[in-house]
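Subject: Structure handover and findings

Hello,

Here is the structure I said I would pass on. My notes on it follow below.

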Amino acid sequence: MASGAATQDADRSAGGEHASAASHRTTTVPSEYVHRSSMAEVFLTGCRRTSDTRFTLTGQWPRAHAFFNGPDGRHDPLLTAETMKQVALYLAHAELGVPLGHRFMPCDLSFTVDPDELAIGAAPSDLVIEADGADLMRKGSRLVEFGLDLTVRREGRVLATGTVRFVCLSPGAYHRLRGTTPATLPAQRPSEMPPSAFGRGLPRDVVLASSDHPGRWRLNPDPDHPVLFDIGDDHIPSMVLLESARQATCGLLAADRAFTLTGMSTEFHSYAEFGRPCWIEAAPLLAQEADTMSVLITGSQDGRRVFGSQVSGTVTRR
């Protein structure tokens with residue numbers, strides 16, 4: 001906790017967009033504030049409040065990552081989603097009064113990225129993230145729901161923009177909502193398709209297994225994955241669902257085509273539970289260009305929708 005607090009104090013006292021540049025390259029915010037257990041998975045390094053509802057945060061992406069390893073020398077676009085999620089969790093705990101131990105239910109997470117700004121350079125990528133939290137809902141003094149508008153910059157240029165919205169739940173409310181749920185996910189079953197069919201390089205990174213229907217897969221993540229399941233939980237993490245949407249989009253392509261994600265707009269309707277099949281379906285949207293692709297992804301479990309996502313990107317020949 002001490003290093004994160006020191007970073008925040010330095011950022012607040014410096015008063016500039018690139019405050020505490022020397023320290024934010026070697027420290028991160030407390031990992032518990034972003035619901036991660038491994039410090040290597042914390043991408044935020046500092047925060048400065050600029051008004052009642054606006055914040056400037058700093059972050060850093062590594063040149064190489066165990067899972068978020070994008071193609072062609074670029075950062076993985078889904079790093080944007082993970083970073084925006086961490087911004088929301090951090091601000092809720094550190095700046096908006098939500099105690100540690102409270103839980104969050106995602107409502108929506110949307111982002112677009114500029115692929116030209118994702119190139120990996122000779123050093124880790126230092127980020128400046130502007131967050132506008134004007135959309136806050138309180139019950140008395142307690143924050144119950146909040147939305148953020150986010151802009152991510154690197155070297156002064158806009159890398160990505162997006163929005164996030166979460167509902168805040170006290171431990172008691174979360175327990176009443178969840179009731180009795182399976183505590184662990186069954187072991188991952190080997191996929192019948194090569195990882196490259198889903199845009200991945202390693203079998204353990206594949207989160208889908210084939211079904212009897214074209215364009216439909218069973219959610220099949222590895223419960224021991226060191227990144228996707230970095231912290232224990234009683235449901236499938238939202239980032240697994242986002243990754244399943246990307247992989248399902250890749251699964252629609254011919255073997256000689258590759259997909260590069262440029263945007264995703266996702267609405268979450270309920271938690272995806274352990275122990276019961278969750279089905280991921282992909283339907284291409286109409287009026288697509290030859291080198292672009294937009295797909296509607298639906299995740300369902302027990303006949304109910306878990307999430308829906310519109311995934312967009314470019315298609316190239318391998």
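The expected span of a helix is taken as 1.5 Å times one less than its number of residues. Helix 3, residues 78-94, has 17 residues and should therefore span 24 Å; its end C-alpha atoms lie 24 Å apart, so the two values agree. Please keep in mind throughout that this is a predicted model.

Overall picture

The chain has five helices and twelve strands. Of its 318 residues, 51% are buried. Among contacts with a separation of 6 or more, 67% are between residues 24 or more positions apart. The accessible surface comes to about 14,000 Å², and carbon and sulfur atoms account for 52% of that area.

Helix 3 is mostly covered, with 16 of its 17 residues buried. Glutamine 86 belongs to this helix and is buried, since its relative accessible area is 0%. Leaving out residues up to four places away in sequence, glutamine 86 touches Val34, Arg36, Glu41, Val42, Phe43 and Leu44.

Strand 9

Threonine 262 sits in strand 9, which runs over residues 257-268. Is threonine 262 buried or exposed? The cut-off for buried is under 20% relative accessible area, and threonine 262 has 19%, so it counts as buried. Setting aside neighbours within four places in sequence, threonine 262 is in contact with Phe111, Thr112, Val113, Pro115, Ser312, Gly313 and Thr314.

Salt bridges

The structure holds 20 salt bridges.

Arginine 157 pairs with glutamate 155, with 3.6 Å between the closest N and O atoms. Arginine 157 is partly exposed at 39% relative accessibility, whereas glutamate 155 is exposed at 64%.

Arginine 178 forms a salt bridge with aspartate 234, and here the closest N and O atoms are 3.4 Å apart. Arginine 178 lies in helix 4 (residues 171-178) and aspartate 234 in the loop between strand 8 (216-219) and helix 5 (238-251), so the pair ties together parts that are 56 residues apart in sequence. Both partners are buried: arginine 178 has a relative accessible area of 8% and aspartate 234 one of 17%.

The side chains of arginine 276 and aspartate 302 also meet in a salt bridge, at 2.5 Å from N to O. Arginine 276 is in the loop between strand 9 and strand 10 (278-284), while aspartate 302 is in the loop between strand 11 (292-301) and strand 12 (304-317), so this pair links parts 26 residues apart in sequence. Arginine 276 is partly exposed, with a relative accessible area of 33%, and aspartate 302 is partly exposed at 44%. Salt bridges that share partners also join Asp76, Arg200, Asp205, Glu243 and Arg246 into one network.

Cavities and pockets

Rolling a probe the size of a water molecule over the atoms shows where empty space is left. There are three cavities of 30 Å³ or more. The largest cavity holds about 50 Å³ of space. Its lining consists of Arg36, Phe68, Glu82, Lys85, Val227, Leu228, Pro237 and Met239.

The largest pocket has a volume of about 640 Å³. It is lined by 32 residues, and those closest to its centre are Pro71, Gly199, Ala258, Phe259 and Arg318. Helix 5, strand 9 and strand 12 each supply at least two residues of this lining. Which element gives the most to the lining of the largest pocket? Strand 9 does, with five residues.

Regards

Key
Residues are numbered from 1 along each chain as its sequence is written. This is a predicted model: local features need pLDDT of at least 70, side-chain atom pairs count only at pLDDT 80 or more; totals for chains, interfaces and linings use all residues. Side-chain values use heavy atoms; hydrogens and water are left out. Helices (H or I, at least four residues) and strands (E, at least two) are DSSP runs, numbered from the N terminus. Buried means under 20% relative accessible area, exposed over 50%, partly exposed in between (1.4 Å probe, protein chains only). Contact means heavy atoms within 4.5 Å. A salt bridge is a side-chain nitrogen of Lys or Arg within 4 Å of a carboxyl oxygen of Asp or Glu. Accessible areas come from the Shrake-Rupley method with a 1.4 Å probe; for residues, only the protein chains shown count as cover. On a 1 Å grid over the protein atoms alone, a cavity is a set of points where a 1.4 Å probe fits but cannot get out, and a pocket is an open set with protein on both sides within 12 Å along at least five of seven lines; lining residues have an atom within 4 Å of a point. Grid points are joined across faces, edges and corners, and a volume is the space filled by probe spheres set on the points.
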